[in-house]
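Work through the exercises below with the sequence and the model at hand. Each task is followed by a solution in steps.

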Amino acid sequence: MTAAIATRPGSGRALRQAPGVWRRRSRWAARRMRGMARSRGRSDAGMTTAEYAVGTLAACALAAGLYKVVTSATIMGALTDSLERALHAT
């Protein structure tokens, strides 16, 4: 038994179809969209905007940490000493 409820005047098509028909159509549409994406060279491999934001934030935090370490008095003294030794080495 079909699940056709009513027809549109003049169209001859059912307004409501069996759930199996919609399932088949949606699967077909999903397969077609995936195929189009593959044929155009697009895939789901890559970072989204949120991942870029998190990556940028992490890079900035790392840069700030390294800046604090490099500009500390101990490291500045060590770098200055090693640079002076390298310049005065004969």
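**Exercise 1. Describe the fold along the sequence.**

Step 1. In this predicted model, the pattern read along the sequence is α-α-α.
Step 2. That corresponds to 3 helices and 0 strands in the chain.

**Exercise 2. State how much of the chain is buried and what its surface consists of.**

Step 1. The chain has 90 residues, and 1% of them count as buried. Buried here means under 20% relative accessible area.
Step 2. The accessible surface of the chain is about 8,300 Å². Carbon and sulfur atoms account for 63% of that surface.

**Exercise 3. Find the residues of the positive surface patch, then classify Arg-31.**

Step 1. The positive patch consists of Arg-23, Arg-24, Arg-25, Arg-27, Arg-31, Arg-34 and Arg-38.
Step 2. Arg-31 belongs to helix α1, which covers residues 19-39.
Step 3. Arg-31 counts as partly exposed because its relative accessibility is 48%.

**Exercise 4. Find the residues of the nonpolar surface patch, then classify Ile-75.**

Step 1. Val-69, Val-70, Ile-75 and Leu-79 make up the nonpolar patch, and together they have about 300 Å² of accessible area.
Step 2. The elements contributing two or more residues to this patch are α2 (49-70) and α3 (73-88).
Step 3. Ile-75 sits in helix α3.
Step 4. The relative accessibility of Ile-75 is 31%, so Ile-75 counts as partly exposed. Patch members need over 30% relative accessible area.

Notes:
Residues numbered from 1 in each chain as written. Predicted model: local features only at pLDDT ≥ 70, side-chain atom pairs only at ≥ 80, totals over all residues. Heavy atoms only, no water. Patch = residues over 30% accessible without salt bridge, like charges linked within 9 Å, V, L, I, M, F, W, Y side chains within 5 Å. Areas by Shrake-Rupley, 256 points an atom, 1.4 Å probe, with all protein chains shown as cover. Salt bridge = Lys/Arg side-chain N within 4 Å of Asp/Glu carboxyl O. Lys, Arg positive; Asp, Glu negative; His and termini not counted. Charge placed at Lys NZ, Arg CZ, Asp CG, Glu CD. Helix = DSSP H or I, 4+ residues; strand = E, 2+ residues; numbered from the N terminus. Buried < 20%, exposed > 50% of the residue type's maximum accessible area, 1.4 Å probe, protein only.
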